[in-house]
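Thank you all for coming; please have a look at the model on the screen, and I will then talk through a few of its details.

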Amino acid sequence: MYDTDDLVEAVLRHIAVLDATETPDADDATLVTQAYTAKWHELTAHGMEVTYWKLDEIPETVFLVLRDLIALEVRGAFGMPLPAQQKEDEETLILRRLRRHVAVQSSGRATKASFM
């Protein structure tokens, strides 16, 4: 289980704002935390089908997906903006990875109905 501080460090390292020995400065950490909080609330707005975890309790299985998603959100603030269409395309791919993780697929096998 990871928390928001872990995510902040991972995002900043992923976009090369921090090296292995640095710690995030307060402004950078606040920016990333706000981006994560906003994205989590956006994904949660339609129910918990995608974000089944609490805001500050990130499961290991979705951690890297969230790192990529939040890095995409904040990279412009660190001088690495993407064209709007490219950002949207990348976000679609990242969200597909997240949805694939939480998707429940049927087995395709027939089930016997039970009546009470």
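This is a predicted model: local features need pLDDT of at least 70, side-chain atom pairs count only at pLDDT 80 or more; totals for chains, interfaces and linings use all residues.

With which side chain does the side chain of Thr-44 make a polar contact? The partner is the side chain of Thr-51, at 2.5 Å, where a polar contact is a pair of N or O atoms within 3.5 Å, of which, within protein, one must be able to donate a hydrogen and the other to accept it, and residues adjacent in sequence count only if both atoms are side-chain atoms. Residues are numbered from 1 along each chain as its sequence is written, and side-chain values use heavy atoms, with hydrogens and water left out.

Thr-44 itself sits in helix α2, helices being DSSP runs of H or I with at least four residues, numbered from the N terminus. With a relative accessible area of 16%, Thr-44 is buried, a word that stands for under 20%, with exposed for over 50% and partly exposed for what lies in between, using a 1.4 Å probe and protein chains only.

Now to the loop between α1 (4–14) and α2 (26–44), where Glu-22 is found. Glu-22 counts as partly exposed because its relative accessibility is 37%. A polar atom of its side chain lies 2.9 Å from the backbone nitrogen of Asp-19, and, leaving aside residues up to four places away in sequence, Glu-22 touches Arg-13 and Val-17, contact meaning heavy atoms within 4.5 Å. Glu-9 is 13 residues from Glu-22 in sequence, and their C-alpha atoms are 9.3 Å apart in space.

Finally, the helix packing. The axes of α2 and α3 are 10 Å apart, at an angle of about 115°, with axes fitted to C-alpha atoms over the stretch in contact and angles running from 0 to 180 degrees between N-to-C directions. The two helices, α2 and α3, are therefore roughly perpendicular to each other, the term for 65 to 115 degrees. On the α2 side the contact is made by Leu-31, Val-32, Ala-35, Tyr-36, Lys-39 and Leu-43, and on the α3 side by Leu-66, Leu-69, Ile-70, Glu-73 and Val-74.

For α1 and α3 (residues 60–74), the axes come within 9 Å and cross at roughly 60°.

Note on methods: Angles under 35 degrees count as roughly parallel, over 145 as roughly antiparallel, 65 to 115 as roughly perpendicular and the rest as oblique.
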